[in-house]
Amino acid sequence: MLTRPDAEALRAARDAGRASWSGSLDLGRSQGEARLAADGWEWRGQRYRYPDALKDRTVYYWDGEDYAAVSRFAGSLIKLVPTQWGAPTFEIDGIKMLPTAKTSPIDDARRKVGLIEARGKTVLDTCGGLGYFAACCLEAGAARIESFEKNASVLWLRTLNPWSPDPDAADSGGRLQLTHADVSQAIAALPAAGFDALLHDPPRFGIAGELYSQAFYDQLARVLRRGGRLFHYTGSPNKLTTGRDVPREVAKRLEKSGFKAELALDGVLAVRR
C-alpha cells in the first residue's frame with residue numbers, strides 16, 4: 001500500500017544517496033526496510049518501481065503492473081482514504097464514513113466496543129464497513145461476531161485494507177463470520193435472543209432510513225437477549241442546520257422497542273429490558 005508521502009519519502013532517501021529506507025508500506029500496520037536503487041526498490045523480496053505523480057488523500061496498491069487507487073465506482077465512488085493515525089477511513093461520494101479528526105478510527109471503535117463489554121459474548125455487527133468494530137471485538141475476546149455488509153465495493157476495500165480483519169485468518173480463530181447481505185432484510189432470519197450484544201453503525205439517515213425505523217429496532221430487540229447491550233452510532237447530522245436531534249429521536253424509538261436507552265459518545269447506548 002502506498003500513499004503520496006510514502007512515495008516522496010522513498011524518493012528523498014534515494015536522492016540523498018541512502019541504500020535503504022525504513023518505514024511502513026502497509027498504512028502503519030507494520031514496519032520494514034526497503035532496499036533502494038536508482039529505478040526502484042525492493043520490499044520483502046519483491047521489486048517495485050518509483051510511481052508517477054500520486055494524488056493526496058488516496059491509497060494505492062500494486063496490481064501487478066502499476067499503482068492503482070484503492071477506489072471503485074459502482075453507482076457511487078467508494079475509496080479508501082489515509083489518515084494521520086495509520087488505519088484508513090473510507091468515503092462514499094466524498095462523505096467520510098468514520099470519525100478521524102481527533103482520534104484513530106481503531107481507537108474510536110475500541111471505545112464503542114468497550115461499551116458493550118464484548119468479552120465472551122456473541123455479537124451482532126449490523127453494518128460491518130471496514131471491520132473495525134469486528135477487529136476490536138476479536139481483540140476484546142468476543143466468543144463470536146456475526147457481521148453483515150451490504151455494499152460489495154466496501155467488501156472489496158476490506159480485502160486490500162491491512163487493518164480490516166480477515167475472517168479466514170488464523171488470528172480470527174473462526175470467531176468472525178462476514179456475510180454480504182442487507183441486514184435490514186437478513187435480520188428476520190436471525191434467531192430470537194441469539195446475541196448477547198449488538199453494534200449498529202448505519203450510514204446516515206438520509207441514505208439508509210430503514211436502519212433507523214421502528215420496525216428495524218423491533219428486530220434488534222427480538223434478536224438481543226434480555227440484559228444485552230446495544231451501541232448505536234448516530235453522530236449529530238443536521239443538528240446545526242435544522243435543529244433536529246437524531247440521537248434523542250433514536251433513543252425514543254429504542255425505548256418503544258423495549259430498550260432502556262441513554263446518550264453515549266456519539267450515539268446511543270441501550271440495554272434490552
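Asp125 stands opposite Leu199 of strand E14. Please keep in mind as you look around that this is a predicted model. The pairing of strand E11 (residues 122-125) with strand E14 (residues 195-200) is parallel and runs over 3 bridges. Both strands belong to an open sheet of 7 strands, and here the order is E13-E12-E11-E14-E15-E17-E16 with mixed pairing.

At the edges of this sheet you will find strand E13 (176-180) and E16; each has a single partner strand, so one side of each has no neighbour in the sheet. On average, neighbouring strands of the sheet are turned by 15° against each other, with direction ignored.

## Two domains

How does the domain assignment divide the protein? It gives domain 1 (2-55) and domain 2 (105-272). The C-alpha centres of domain 1 and domain 2 are 38 Å apart.

## The largest pocket

If you are curious about pockets, start with the largest one, which has a volume of about 1,000 Å³. Its lining is made up of 44 residues, and those nearest the centre are Met97, Asp201, Pro202, Pro203 and Arg204. Several elements give two or more residues to this lining: strand E9 (89-92), strand E10 (95-96), helix H2 (105-116), helix H3 (132-140), strand E12 (144-149) and helix H5 (183-186).

Which element gives the most to the lining of the largest pocket? That is H2, with 4 residues. By residue type, the lining of the largest pocket divides into 24 nonpolar, 9 polar and 11 charged residues.

## The second largest pocket

The second largest pocket has a volume of about 340 Å³. It is lined by 15 residues, with Arg29, Ala135, Trp163, Pro165 and Asp171 lying nearest its centre. Here the elements that give two or more residues to the lining are H2 and H3.

H3 supplies the largest share of the lining of the second largest pocket, 4 residues. Sorted by type, this lining holds 8 nonpolar, 2 polar and 5 charged residues.

## Salt bridges

How many salt bridges does the model contain? The count comes to 18. One of them is worth a visit in your viewer: the side chains of Lys112 and Asp266 meet in a salt bridge at 3.0 Å, N to O. Lys112 lies in helix H2, while Asp266 sits in the loop between strand E16 (259-264) and strand E17 (267-272), so the pair ties together parts that are 154 residues apart in sequence.

Key:
Residues are numbered from 1 along each chain as its sequence is written. This is a predicted model: local features need pLDDT of at least 70, side-chain atom pairs count only at pLDDT 80 or more; totals for chains, interfaces and linings use all residues. Side-chain values use heavy atoms; hydrogens and water are left out. On a 1 Å grid over the protein atoms alone, a cavity is a set of points where a 1.4 Å probe fits but cannot get out, and a pocket is an open set with protein on both sides within 12 Å along at least five of seven lines; lining residues have an atom within 4 Å of a point. Grid points are joined across faces, edges and corners, and a volume is the space filled by probe spheres set on the points. Ala, Val, Leu, Ile, Met, Phe, Trp, Tyr, Cys and Pro count as nonpolar, Asp, Glu, Lys and Arg as charged, and the others, Gly among them, as polar. Domain bounds come from an automatic or database domain assignment. A salt bridge is a side-chain nitrogen of Lys or Arg within 4 Å of a carboxyl oxygen of Asp or Glu. Two strands pair if DSSP finds at least two bridges between them. Axes are lines fitted to C-alpha atoms, for helices over the stretch in contact, and angles run from 0 to 180 degrees between N-to-C directions.
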